[in-house]
2 protein chains.
Amino acid sequence: MAVSHLPRTSGRLAIIAGAGALPHHVAEAARRQGEDPFIIALSREADADWSGFDHATLAIGDFAAISKAFAAEGIDRVVLSGAVRRRPDWRDIRPTLKTLAKVPSVLRTLVSGGDDAVLRMAMDLIEASGARVIGAHEVVPGLLADIGPIGEHTSTDDDLRDIEAGIAAANALGTLDVGQGAVAIGGRVVALEGAEGTDAMLARVAELKADGRVSSRRRGVLVKLCKPQQDERADLPSIGPSTVAGAEAAGLAGIAVEAGRALVLERPAVIETANRSGLFVLGIERNARERPR
Amino acid sequence: MAVSHLPRTSGRLAIIAGAGALPHHVAEAARRQGEDPFIIALSREADADWSGFDHATLAIGDFAAISKAFAAEGIDRVVLSGAVRRRPDWRDIRPTLKTLAKVPSVLRTLVSGGDDAVLRMAMDLIEASGARVIGAHEVVPGLLADIGPIGEHTSTDDDLRDIEAGIAAANALGTLDVGQGAVAIGGRVVALEGAEGTDAMLARVAELKADGRVSSRRRGVLVKLCKPQQDERADLPSIGPSTVAGAEAAGLAGIAVEAGRALVLERPAVIETANRSGLFVLGIERNARERPR
């Protein structure tokens, strides 16, 4: 996917911020690009200190208040960033009549949708109110993983077998809209990421090795892929320095992420952590049968 | 699959016993069928008290000693039962020259095989020494799940959506030889079973609900299926009273297992626990689109 830096527009950029380090990172990077981002921190999710930015704290389902903030601040572009751990319940959703008329599937989606369906619904609701939803990587250049090694270490032929096993599992999970990550050790997938997230999955792998239920003689690889059908404007898989630290604690040899469809947060710290711990971090193509260089 | 009770033979039955309650249960049931089973308790795996049975404790990879025991005891049928948590490393394997000649793929399998490949290899090695490998359900009648409810509660239409989501995920995992279980809540798969096992996955779901990362307003279903390509003589998915207790602790509505290809251990206790906690336990067909009755 080509990453084009968007032309400056007359309107203001909003960042709807969930949990984790990503939203603050995106906001700071956007400021360095000359933007003056307005932050909508999601209550019960956003955990960064937003005192240095214009911001409002709103409930995730309160589209009426979010639309009002968009109008008051002249928002024309919106980035969704960070994790939303608590899925909105239909009782929490306050759509406007205008957005609800445009998005009749909203209730059905909230009742039965996977993460992708909920995200698409949120994006439809936002766009129904007039702003455009764009990806964080369209605001912050250099956020996407490139193909090849990130850092000084690279994978061995043994790791390649784990990468392939992890790709097969992550693809199957992604097609089912279940998750994005898997850990393979010795060519065998030992852990699959569900709602618990990558950090918890890596902690589980560390426990499995400590218990002897997975051989600690073999290292293994974390693979994170974008779901095949995923809207790239939201919820791209991401890794950061804590992911590298979790992989090191699990005794893994490295991390493989989908080039062009995964975010590398705090890249200098990722590289520094990976180099120090001897782990590789590799951008891969989903269907690559050749070893990336 | 038709379950035929095997005709009595002149030889003795051996049970190669891994971890958990299943092997002892099978041994006692076999004795009730008039067998005098000889137990090979796997060192570092078997955790039951085998003092009431003729038994030997041997290392999982020590096929030379296992073959010798077969010959000394006149073993003609072997049941593999219980979990093998620690996969044998190639350094632990001591095949005989005779078995190794018949099973040239042994080293390759140990290096790269999934659970199924390792099991098939173990069965090939055993059969190369002259005994026949049979399923636990061929010795113990009534061990397989039947189709329909086991216990007094049954599933609702809401549960059916979770069952279908769980079947799709468990099928995908099984095809990849990764695992047999998944938990779906509100139509969405939230946890997938890897090397950690069902009990640990259920504990994770309980945590996800306690954290609010998964809504605790919806209940959910545990689905366990046999892997599509699985040899039914070994490692059929199983549930027991502790599975029901774990599902109850995770706030689930019930458990669905594959009829004819999953074991229900201690069935009276499973029924009693399920009835008391209000959970359904249901035997399902893998591809059933109709609601089982």
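In which strand of chain B is Ser81(B) found? In this predicted model, Ser81(B) belongs to strand β4 of chain B, which comprises residues 75–81. The residue has a relative accessibility of 4%, and because buried means under 20%, Ser81(B) counts as buried. Leaving aside residues up to four places away in sequence, Ser81(B) touches Ile15(B), Ile16(B), Ala17(B) and Gly18(B), together with Leu22(B), Pro23(B) and Val26(B).

Attention now turns to chain A. This chain holds 10 helices and 13 strands, and 55% of its 293 residues count as buried. When contacts in chain A between residues at least 6 apart in sequence are considered, 75% of them join residues at least 24 apart. The accessible surface of chain A comes to about 11,900 Å², and carbon and sulfur atoms account for 50% of that surface.

The pairing of β9(A) can be followed through Val221(A). Strand β7 of chain A (residues 181–185) pairs with β9(A) in the antiparallel sense over four bridges, and Ala184(A) stands opposite Val221(A). Strand β11 of chain A (residues 254–258) runs parallel to β9(A) and is joined to it by four bridges. There, the bridge partner of Val221(A) is Gly254(A).

How values were computed: Residues are numbered from 1 along each chain as its sequence is written. Chains are lettered from A and ligands numbered from 1 in the order in which they are written. This is a predicted model: local features need pLDDT of at least 70, side-chain atom pairs count only at pLDDT 80 or more; totals for chains, interfaces and linings use all residues. Side-chain values use heavy atoms; hydrogens and water are left out. Helices (H or I, at least four residues) and strands (E, at least two) are DSSP runs, numbered from the N terminus. Buried means under 20% relative accessible area, exposed over 50%, partly exposed in between (1.4 Å probe, protein chains only). Contact means heavy atoms within 4.5 Å. Accessible areas come from the Shrake-Rupley method with a 1.4 Å probe; for residues, only the protein chains shown count as cover. Two strands pair if DSSP finds at least two bridges between them.
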